[in-house]
Amino acid sequence: MIFINPHGAPELACDHCGCRWVDRLKGKAYCYECGEEVSDEAIAEFQAAAVEYAAKHSPPAAS
Ligand SMILES: [Zn+2]
């Protein structure tokens, strides 16, 4: 699942317990809290949200 922090930025969170202590290594993500694997779908969703957030918040191009 995706959690939106108070700054409006997306954070990857565990699908099972909702916590945001996610350990990402070797292309796989595991929840620190319950040990469940974070799904590829959730990671893809997070990455899309992060890209969207970055696009919205990138500084205007210098001219
Ligand atoms: Zn969890």
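**Reading the sheet, the core and the helix**

Author: Gladly! Let's begin with the sheet: three strands, in the order β3-β4-β5, form an open sheet with antiparallel pairing. Its edge strands are β3 (22-25) and β5 (37-38), each of which pairs on one side only. Keep in mind that this is a predicted model.

Reader: How many bridges join β3 to β4?

Author: There are 4 bridges between β3 and β4, the latter covering residues 28-31, and the two strands run antiparallel. Then move to arginine 24, which stands opposite alanine 29 in β4.

Reader: And what do β3 and β4 form, with how many residues between them?

Author: They form a hairpin, with 2 residues between the strands. Look at lysine 26 in that turn: its phi is positive, about 50°.

Reader: Now the inside. Which residues make up the largest nonpolar core?

Author: A core like this is built from buried nonpolar residues that are joined through C-beta atoms within 7 Å. Here the largest one has 6 residues: Leu12, Ala13, Cys14, Cys31, Val38 and Phe46.

Reader: Which residues is cysteine 14 in contact with, leaving aside its neighbours within four places in sequence?

Author: Cysteine 14 is in contact with Cys19, Val22, Cys31, Glu33, Cys34, Glu36 and Val38. Two of these, Cys31 and Val38, also belong to the largest nonpolar core.

Reader: Let's turn to the helix. How many residues does α1 have, and how far does it reach?

Author: Helix α1 has 18 residues and reaches 25 Å from its first C-alpha to its last, close to the 26 Å expected.

Reader: Why does α1 lie largely in the open?

Author: You can count buried residues: of the 18 in α1, the number buried is 1, so the helix lies largely in the open.

Reader: Where is the place of proline 60?

Author: Proline 60 sits in the segment after α1. Proline 60 counts as exposed because it has 5 C-beta neighbours inside 10 Å. Its C-alpha is separated by 20 Å from that of alanine 49, 11 residues away along the chain.

Key:
Residues are numbered from 1 along each chain as its sequence is written. This is a predicted model: local features need pLDDT of at least 70, side-chain atom pairs count only at pLDDT 80 or more; totals for chains, interfaces and linings use all residues. Two strands pair if DSSP finds at least two bridges between them. A residue is buried if 20 or more other C-beta atoms lie within 10 Å of its own, exposed if 12 or fewer, and partly exposed in between; C-beta atoms are placed from the backbone. Two residues are in contact if their C-beta atoms, placed from the backbone, lie within 7 Å. The expected span of a helix is 1.5 Å times one less than its number of residues.
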